[in-house]
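I opened the model to look up how its chains are built and where they meet. My entries follow in the order of looking.

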Amino acid sequence: MGEVWRVAISDSFNKFLGKVITFLPNLLAMITILIIGFLIAWIVKKFIFRFLKAIQFDKVSERWGLANVLSKGGLTYSPASLLSRFFYWIIVLITLIMGINALDVPATQNFIAQFFNYLPHLFAAILILIVGYLIALFLGQAALIAAVNAQMESARLLSRVVRWFIIILALTMALYQLGIAERVIIAAFCIIFGGIVLALAIAFGWGGRELAKDFLERFYKRREKEDEGKEDISHI
Amino acid sequence: MEESFLTQLKEIQEADILIGIPSYNNARTIGRVVRAVIAGLAKYFQGSKAVILNSDGGSTDGTPEEVKRVQIEDFKTILTSHPVHPIPKIVTPYHGIPGKGSAFRTIFEAAKLLNPKACAVVDSDLRSIAPEWMELLLRPIYQEGFDYVAPLYGRHKFDGTITNSIVYPLTRALYGKRVRQPIGGDFGFSGKLAEFYLTKDVWETDVARFGIDIWMTTLAIAEGYKVCQSYLGAKIHDAKDPGSDLGPMFTQVVSSVFSLMGNYQYLWKEVRESQPIPTFGFHFEVGLEPISVNVERMIRNFRLGVKDLMEIWRKILLPEMILRLESVGRLPDDSFSFPQDLWARIIYDFAAAYHKGSVHREHLLKSMIPLYLGRVASFVMENQESTAGEVEAKIESLCRVFEEMKPYLIERWEQEK
């Protein structure tokens, strides 16, 4: 009986030891990956921060209004610091996943494969949102200035319309890129903008016929009046 | 440079005088300009070999044909003797981005090949040009050893508003030379200076457009060339193209001034006061055509700027300037006034912000237009009943304000680093 117990315990222990011995290199690999990964993340963060400082990224962001948006959102980091931290955490995340992958646990394998397949879409969506937002700010401001110089009373409204149109467009593209309810997103986008155009067409073509007529008459009369009173000074 | 153009220049080999006439759809006036140039050269530079070069921007109204066609049939009507040398005329299209500066570049290239002693450029839409302009623009270079001759005109008191409210006061305060018409459009310059201009790589910037005039003047002053000015009399242009817009003209000129401030900061920071420059020509009063100015529209544009552009201006101007602008915006039309010192501070703040790049440069320049119109409206209202002399005194006082406030510019410029 004692022999049986001894064999059973010894077999069990050997199996455990075997598993530990098989697992140990994976664990060591994970620890190594984590250490190297964190180190790379730290180096990349420093490098990106210095590079962005050298190309005066904070100044450019300030000019484009990104710094203003960040401060409005309560973020105290400078844009260069924020971007370098973003890359730091991306590398840390990748390192963690690679570390888990190194453990060679079957349950995580599928999840990791999916994650890496999805990663490019995530990056593309973030990029679309950032670039879209910057373009929206820039063109919104350009529209505002042009409208003021063209003496349009509703300059600010026009600027907001331009800005929001581009933001919504960027948002739609980002969601499409992430694969979230693609069909719903496209349908919603078409319905919203189709609806706006239809509403304007109905308002001007039927419901607001008199109003539209009155508006156009006043507009042309003002133009004629302005043309009559146009100065002929030479500015240069 | 076109092959046929090069061939023509090589055939001529060299010249004593080169006259450049940039043009674009000026068939209506260019004939008169060419005749005045021929007469002027024949009268004042008889023994000299001269060349007339028309640098055209692709006119479709027959401008180049008009230049080729124009001749003075009977010199007896204007001269006692017939000129010894016939004056060759070259008509060539210019290349590069469309604009006055690109046309000038072609003229400089011709100057480099022909090696003239003196060159002059005159606008092709002038209605008031006289043969005497040739002597006044060329003689200081040809005989007196100057390198650059700026024009001096008799102009309507409300004409040349960018010159009077920005370019003249700013250039004078910065570089210390009182060049009254730094962007006049008609200049004389030496062949040596033309060659120097060609060494600069600016032909893809606003210099290739309306920025060319201030660029030429500033370089001549800043690089130590001998600069003077000549009184030419009245300056009357052909009726303006109604579609021509203030925006591009304003932004191209002001961006050139601000860019040059960056290039020559080592120089202008040391200049403490301005000096008059040698002036040629006989100053006489001229009768000028009345012009209409729509002040209400300018004030309306300024108020719209105060209402909608404050968000941008706040990034450029100090808070106290914003408060003052808001109070100017609240003034009723009949007592509207834009003070000189406020205007000078605004120009200096915009220049510093342009240097720093804190606001996108095109947006910065375009957002200045309502402020400029506000200042012009105020100037017109202040001087409605003033004589030309009184208006000139007001411009002189604005220039003094710019000079007195230069330490403010330096402070803002240094802060913006």
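Which strands does helix α4 (residues 100-114) of chain B lie across? I found α4(B) across β1, β2 (50-56), β3 and β4 of chain B, running at about 160° to β1(B). Axes here are lines fitted to C-alpha atoms, for helices over the stretch in contact, and angles run from 0 to 180 degrees between N-to-C directions. Helices (H or I, at least four residues) and strands (E, at least two) are DSSP runs, numbered from the N terminus.

Provenance. This is a predicted model, in which local features need pLDDT of at least 70, side-chain atom pairs count only at pLDDT 80 or more, and totals for chains, interfaces and linings use all residues. Residues are numbered from 1 along each chain as its sequence is written, while chains are lettered from A and ligands numbered from 1 in the order in which they are written.

The sheet. I traced an open sheet of eight strands in chain B, ordered β3-β2-β1-β4-β6-β5-β7-β8, with mixed pairing. Two strands pair if DSSP finds at least two bridges between them. The edge strands are β3 (89-93) and β8 (279-280) of chain B, each pairing on one side only. I then checked β1 (residues 17-23) and β4 (residues 118-121) of chain B, which pair in the parallel sense over four bridges. Ile17(B) has Ala118(B) in β4(B) as its bridge partner. Helix α5 (residues 132-142) of chain B also packs on the sheet. I noted that α5(B) touches β1, β4, β5 (148-154), β6 (187-190), β7 (227-234) and β8 of chain B, and its direction makes about 25° with that of β6(B). Contact means that the C-beta atoms of two residues, placed from the backbone, lie within 7 Å.

A helix pair. Next I looked at α6 (residues 161-175) and α9 (residues 246-263) of chain B, whose axes come within 12 Å and cross at roughly 10°. That makes α6(B) roughly parallel to α9(B) (angles under 35 degrees count as roughly parallel). On the α6(B) side I listed Ile162(B), Ile166(B), Val167(B), Leu170(B) and Leu174(B); they meet Phe250(B), Val253(B), Val254(B), Val257(B) and Met261(B) in α9(B). The contact divides into 10 nonpolar, no polar and no charged residues. Ala, Val, Leu, Ile, Met, Phe, Trp, Tyr, Cys and Pro count as nonpolar, Asp, Glu, Lys and Arg as charged, and the others, Gly among them, as polar.

A covered helix. In α8 (residues 212-222) of chain B, 10 of the 11 residues are buried. Among them I picked out Asp213(B) and Trp215(B). Buried means that 20 or more other C-beta atoms lie within 10 Å of the residue's own, with C-beta atoms placed from the backbone. Just after α8(B), Gly224(B) takes a positive phi of about 80°.

Chain A. I counted eight helices and zero strands there. Of its 236 residues, 15% count as buried.

Where the chains meet. I found 35 residues of chain B in contact with 22 residues of chain A. On the chain B side, the elements giving two or more residues are α6, α9, α11 (295-308), α15 (361-367) and α16 (369-382). α11(B) gives the most, with six residues. The chain B side divides into 15 nonpolar, 14 polar and six charged residues.

Definitions and conventions: Parallel < 35°, antiparallel > 145°, perpendicular 65-115°, else oblique. Buried ≥ 20, exposed ≤ 12 C-beta atoms within 10 Å, placed from the backbone.
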